[in-house]
Protein chains: 2
Amino acid sequence: MAVSPQDPGGGVARAEKLRAAGLKATAPRLTILEALETDRRHPSAEMIFESLIDKSPSLSLSTVYQTLETFLQRGLLRRIAGAGGKLRVDGTLQDHDHAVCRTCGAVFDVDPDLIKRPRPPASLPHGLQVKNLFVEYEVLCSDCASDE
Amino acid sequence: MAVSPQDPGGGVARAEKLRAAGLKATAPRLTILEALETDRRHPSAEMIFESLIDKSPSLSLSTVYQTLETFLQRGLLRRIAGAGGKLRVDGTLQDHDHAVCRTCGAVFDVDPDLIKRPRPPASLPHGLQVKNLFVEYEVLCSDCASDE
DNA sequence: TTAGTAAATAGGAATTATTCGCATTTAGAA
DNA sequence: TTCTAAATGCGAATAATTCCTATTTACTAA
């Protein structure tokens, strides 16, 4: 989210982004959206909640879950399969790919220009509308490689 | 898994596959592996357990969880982020890609030849060893598209 | 402005998914 | 065969996610 002198912190732009997605620009959503834009940890719902609870003491964990689900449905967020299959999200805006460690499930961001990117077809069989295309690398991270 | 006249059902080949991966060829593993090879539902641990409990009444759910984790680590299985981030797996052998519905989380198999497949680099920054590369489509399935 | 209204939130309880601990069993090596 | 590390089954424990509902809030239109 660009931050201009007229919009320190980017709050106005974020509110517009929410409204453009057909959502009310509520305080919890603005806070969560901001957190997501800057959090590079591929956080879980709990991690987001923890990172915000001091600034927003009335925020509830179930609101975080609900909000993530809403954002996912509007394409404001990517879902990642973390270790044990638990929910992790990625709310950073720029296109990038993910590498997931086969053994420990750790997720790493990968520069999308490392490979020649396929052009996505507009639609797929079964009437699937393509919204985005990402590359996922199945990897062995250095920690896990040394255990083998 | 190929089935030859000498190995009806493919059990011997499966046992070899397990041993090749450094694992003991136990009865639960053979059963689970067979189920995974044929189950196209992108099943959860529970779904696999349910599909086997009649034939293998002594099988336990925690063994299914453990076995899936083991198979994942040996690359016998792919992990998928299902709806709500719950664990789903794909144990079908052939290369293929996945389309995941943004809204409901449904997973569809996609023919890998639909696009020009990028050649994976052998390694990535941070000492990541690349084992595999898949394409993931973020889509809207026809059910969810009609709700919008 | 200021109601009116549908949508969103908080909080806790309920449910579901996953992991753990440990006694028993088993595959494969010697 | 016998031995041993690894794997299993079971139930209990924990953790993650969803559900319920009274209250609050953003936006709409008068």
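Guide: In what follows, Ala, Val, Leu, Ile, Met, Phe, Trp, Tyr, Cys and Pro count as nonpolar, Asp, Glu, Lys and Arg as charged, and the others, Gly among them, as polar. This is a predicted model, in which local features need pLDDT of at least 70 and side-chain atom pairs count only at pLDDT 80 or more, while totals for chains, interfaces and linings use all residues. Residues are numbered from 1 along each chain as its sequence is written, chains are lettered from A and ligands numbered from 1 in the order in which they are written, and side-chain values use heavy atoms, with hydrogens and water left out.

Visitor: How many polar residues does the surface near DNA strand D have?
Guide: A residue is near a strand if one of its heavy atoms lies within 4 Å of it. Sorted by class, the surface near DNA strand D has six nonpolar and six charged residues, and its polar residues number 10.

Visitor: Which helix gives the largest share of the surface near DNA strand D?
Guide: Helices here are DSSP runs of H or I with at least four residues, strands are runs of E with at least two, and both are numbered from the N terminus. At least two residues of this surface come from each of α4 (61-73) of chain A, α2 (27-38) of chain B and α4 (61-73) of chain B. The largest share, four residues, is supplied by α4(B).

Visitor: How far is the side chain of T26(B) from a phosphate oxygen of DNA strand D?
Guide: Of the atoms of DNA strand D within 4 Å of the protein, 73% belong to sugar or phosphate and the rest to bases. A phosphate oxygen is 3.0 Å from a polar backbone atom of A25(A), and a polar side-chain atom of Y65(A) lies 2.6 Å from a phosphate oxygen. For T26(B), the distance from an N or O atom in the side chain to a phosphate oxygen is 2.6 Å.

Visitor: What area is buried between chain B and chain A?
Guide: The contact, meaning heavy atoms within 4.5 Å, takes 48 residues from chain B and 48 residues from chain A. Buried area is the accessible area (1.4 Å probe) that two parts lose on being put together, summed over both. Carbon and sulfur atoms give 58% of the area buried between these chains, which is about 3,900 Å².

Visitor: Which residue in the turn between β3(B) and β4(B) has a positive phi?
Guide: Strand β3 (residues 97-101) and strand β4 (residues 107-110) of chain B run antiparallel and are joined by four bridges, with A99(B) opposite F108(B). These two strands form a hairpin with five residues between them, and the residue in the turn with a positive phi, about 80°, is G105(B).

Definitions and conventions:
A polar contact is a pair of N or O atoms within 3.5 Å; within protein, one must be able to donate a hydrogen and the other to accept it, and residues adjacent in sequence count only if both atoms are side-chain atoms. Two strands pair if DSSP finds at least two bridges between them.
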